[in-house]
Amino acid sequence: MGSCCIPFNVPLYLFVWFCAFCQCFSTDVDTNQTALLTVNASEALGQKISDTLFGVFFEEINHAGAGGIWAELVNNRGFEAGGPNTPSNIDPWTIIGNESSLIVATERSSCFERNKIALRMDVLCDNKGTKICPAGGVGIYNPGFWGMNIEQGKKYKLVMYIRSSDSMNLSISLTGSNGSPVLATANVVASASDVKDWTKLEALLEAKGTNDNSRLQLTTTRKGVLWFDQVSLMPLDTYKGHGFRSDLVGMVADLKPRFVRFPGGCFVEGEWLRNAFRWKETVGPWEQRPGHFGDVWMYWTDDGLGYFEFLQLAEDLDALPIWVFNNGISHNDQVDTSDVQPFIQEALDGIEFARGDPDSKWGSVRAAMGHPKPFNLKYVAIGNEDCGKKNYRGNYLKFYSAINNSYPDIKMISNCDGSLRPLDHPAHLYDFHIYTSASTLFSMAHQFDRASRDGPKAFVSEYAVTGKDAGTGSLLAALAEAAFLIGIEKNSDVVEMTSYAPLFVNTNDRRWNPDAIVFNSSQAYGTPSYWVQRFFSESSGATVLSSLLQTNSSSSIIASAITWQNPVDNSNYLRIKVVNFGTNTVKLNISLNGLEPNSINMAGSKKTILTSGNLMDENSFKEPRKVVPIQSLLENAGKDMDVVLPPHSFSSFDLLKDSTNLQLPGSDSPSESYI
């Protein structure tokens with residue numbers, strides 16, 4: 001994440017702003033506001049859109065991964081978040097009981113070399129004698145990431161490492177936030193000889209109730225000393241069985257992304273290199289990963305969501321992985337080019353991990369993790385937002401040369417913007433980031449109109465409307481972004497990839513506004529910006545058609561036309577997308593040239609409109625579908641048709657060209673629906 005805003009001075013939009021905030025727009029059709037869109041429907045004269053034009057960018061920000069798409073329910077599972085020195089803070093773990101009945105402290109006694117911290121619990125009470133434990137026992141609990149979502153009938157796998165000074169009787173339970181009700185429970189009884197050394201314990205818990213603010217409890221009523229380490233609780237029901245939260249990744253899948261850029265962002269750089277994301281520390285058995293503190297977004301991650309899991313996520317989404325790695329530069333320190341070779345080797349090793357044969361050094365680590373087949377890694381980004389820093393160019397050139405020599409097919413992405421002037425170094429793509437106001441981003445629909453058609457192509461890997469225009473995800477922001485994306489689509493000969501940022505926010509830890517998908521432990525919704533991206537989910541690999549937009553007075557309209565094929569039934573569509581960024585209703589005449597007579601099937605054509613009563617309207621947990629696209633039949637579909645564009649709206653018109661395999665909805669289907 002970051003900012004590379006380009007200032008624009010567009011007086012027209014000051015007027016639009018004034019009208020917006022004075023609520024002076026009308027929904028009545030003003031016949032003086034008209035426009036003509038002429039489309040040449042010949043695909044032969046159109047332009048093939050990049051197969052990878054639209055994808056997603058995932059950064060570990062806003063607890064998007066830890067406490068987000070990674071379904072691990074235990075927060076600080078290895079007790080490492082408090083640092084390597086003991087005693088240390090075990091937050092959010094909390095004791096059940098008081099200091100007269102138990103004492104807990106961290107110590108460096110773990111059986112894992114890369115994460116030595118474990119928790120020691122001295123139980124001072126017993127189930128007999130003079131010092132009797134409370135009826136429910138004493139111990140510790142973990143509330144997860146602002147509450148664990150436990151659902152009735154679902155199963156949860158507990159894995160932890162434990163040892164004891166004596167025989168053990170341990171109760172494992174899932175409860176409400178105050179210890180009741182009990183939703184699931186299991187007891188573990190073991191002799192002293194069974195648990196005198198570190199022992200891996202597994203239990204399967206089936207929930208008998210639902211509570212989205214639950215906690216995991218480990219309690220006992222037997223005196224003695226217990227040690228705990230690497231306590232994990234995962235739902236069995238995850239996306240494709242690979243550990244991802246199904247509802248959140250399902251929303252990403254609905255975008256039909258062609259690539260996944262990961263794991264950052266500033267998360268890759270770190271404020272200091274010592275806290276940067278290092279892929280080697282995030283692979284191998286999860287319990288052996290040391291985790292690290294992300295000092296940009298200021299929270300600990302156990303790195304259960306590591307390099308391997310990101311590659312797996314891309315594969316599960318049928319998308320290409322784009323790995324962003326550190327090039328020896330953080331926000332505050334950087335490695336001299338003469339000393340950067342170890343970082344280069346780390347990148348080469350990471351590529352071998354992803355692509356190497358299963359008997360290669362790092363390919364064998366991947367194979368041991370259950371994926372002998374290489375991942376389809378074809379793109380890497382050398383750093384993030386580092387252009388202009390003292391050592392970037394020198395470091396970049398060394399990385400480029402080394403990777404090109406070993407993997408000549410891999411495309412490398414430079415941090416430097418090549419849209420306005422040629423790069424002074426080799427690259428396959430250049431990175432372009434933009435966070436700005438709504439009016440500026442709307443005007444930037446033409447950003448790439450004049451970009452050079454020679455040399456590397458653009459990767460618009462981070463874009464969004466931010467600041468007061470955006471709120472926490474407004475209609476205004478979404479409309480400007482829609483216009484920007486239409487411009488990207490029309491310039492897809494020079495823009496190869498595009499992704500919004502950030503993708504996720506856990507509402508309990510907003511580090512950045514706005515975001516595409518908002519969630520908590522049990523709920524999720526898309527902001528209007530998310531729904532705008534859904535309009536472009538069929539654009540990658542489609543054909544953008546030649547079109548001309550003429551208006552009588554307004555410059556607040558932008559449009560594009562594409563042809564695309566529905567892979568489900570192979571039906572062919574001509575899709576016209578139009579943003580009306582203005583305050584007036586516009587009557588648009590659409591004229592399609594180059595179509596055969598009667599080639600449009602009216603019954604299968606549809607229109608989809610995204611708008612709302614107020615520019616600053618947002619979705620929320622209370623009203624998750626306040627601002628969503630509404631789809632209905634396009635009743636006057638044809639080669640020449642008039643449509644109405646509501647003020648402040650994004651409209652899509654899908655004209656069915658081939659009805660051979662059309663499956664019409666049943667007679668009981670509503671005339672309007674959400675997409």
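Asp-515 counts as buried because its relative accessibility is 0%, where buried means under 20% relative accessible area, exposed over 50% and partly exposed in between (1.4 Å probe, protein chains only). The model is predicted, so local features need pLDDT of at least 70 and side-chain atom pairs count only at pLDDT 80 or more, whereas totals for chains, interfaces and linings use all residues. Residues are numbered from 1 along each chain as its sequence is written, and side-chain values use heavy atoms, with hydrogens and water left out.

A search of the whole structure finds 29 salt bridges, each defined as a side-chain nitrogen of Lys or Arg within 4 Å of a carboxyl oxygen of Asp or Glu; the table lists some of them.

| Asp-515 | Arg-510 | 3.8 Å |

Arg-510, at 30% relative accessibility, counts as partly exposed. Glu-538 is buried, as is Arg-575, whereas Lys-256 is partly exposed at 39%. Salt bridges with shared partners join Lys-256, Glu-538, Arg-575 and Asp-654 into one network.

Strands β24, β25 and β26 form, in that order, an open sheet with mixed pairing, where strands are DSSP runs of E with at least two residues, helices are runs of H or I with at least four, and both are numbered from the N terminus. The edge strands, each pairing on one side only, are β24 (504–506) and β26 (524–526). Pairing requires at least two DSSP bridges between two strands; β25 (residues 517–519) and β26 are antiparallel over three bridges, with Val-518 opposite Tyr-525 in β26.
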